[in-house]
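Here's a quick look at the aromatic rings in this one. Have the viewer open and follow along.

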Amino acid sequence: EGRVRPALSQVIARRLLGERYPDFLEFARGLPLWAKPAGALVVHGFFEPGVPLEGQRDTVLVGTLSGEHYLAKNYPRPWYELYEGPPIVVGHRHYRGDGTPLVWQDRVYGIDTHCYAGKALTALILPDFRFVSVPARANHWVDLQASHGAE
């Protein structure tokens with residue numbers, strides 16, 4: 001929508017979707033910024049410690065670069081080390097870098113395991129807090145960059 005500089009992944013998605021991109025944006029506008037399934041809070045990006053859900057910045061919950069910079073500027077440690085709320089499940093950032101999910105003090109569950117980069121696709125089964133991972137079929141990021149180029 002032009003509110004923030006698009007990431008390369010967004011540029012590639014726009015190219016892949018072509019004329020369907022406006023329909024995708026309309027669909028995405030209707031999605032919630034968070035959900036509370038069986039025993040956990042789920043957000044795509046991050047969570048500002050000590051701030052109630054209703055006071056969270058959209059850019060933090062979604063995980064934009066500006067949201068990430070805001071957290072880094074205002075907190076001395078990673079947000080998840082300071083988080084004291086109920087169990088939270090996040091994606092967007094592969095914190096461990098080794099293809100395995102993050103579990104921080106049985107309170108923060110990071111399920112991004114770099115599937116797009118050839119590692120694994122991971123889910124967290126609730127309410128059991130059990131991980132299920134399957135290997136990626138390919139390094140989709142490299143494949144997309146090669147076939148569509150980078151801007």
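## Aromatic contacts

Phe47, Trp79, Tyr80, Tyr83, Tyr95 and Trp104 are joined into a cluster by ring pairs. A pair here means Phe, Tyr or Trp rings (the six-membered ring for Trp) with centres within 6.5 Å; planes under 30 degrees apart are stacked, over 60 edge-to-face, and the rest tilted. This is a predicted model, so local features need pLDDT of at least 70 and side-chain atom pairs count only at pLDDT 80 or more, while totals for chains, interfaces and linings use all residues. Residues are numbered from 1 along each chain as its sequence is written, and side-chain values use heavy atoms, leaving out hydrogens and water.

| Pair | Geometry | Centre to centre | Between planes |
|---|---|---|---|
| Phe47 and Tyr83 | edge-to-face | 5.4 Å | 85° |
| Tyr109 and Phe129 | tilted | 5.0 Å | 35° |

Tyr109 sits in strand 5 (residues 108-110) and Phe129 in the loop between strand 6 (120-125) and strand 7 (130-135), so their pair ties together parts 20 residues apart in sequence. Strands are DSSP runs of E, at least two residues, and helices are H or I runs of at least four, both numbered from the N terminus. Tyr109 is buried, at 6% relative accessible area, whereas Phe129 is partly exposed at 24%. Buried is under 20%, exposed over 50%, and partly exposed in between (1.4 Å probe, protein chains only).

As for the other pair in the table, Phe47 and Tyr83 are both buried.
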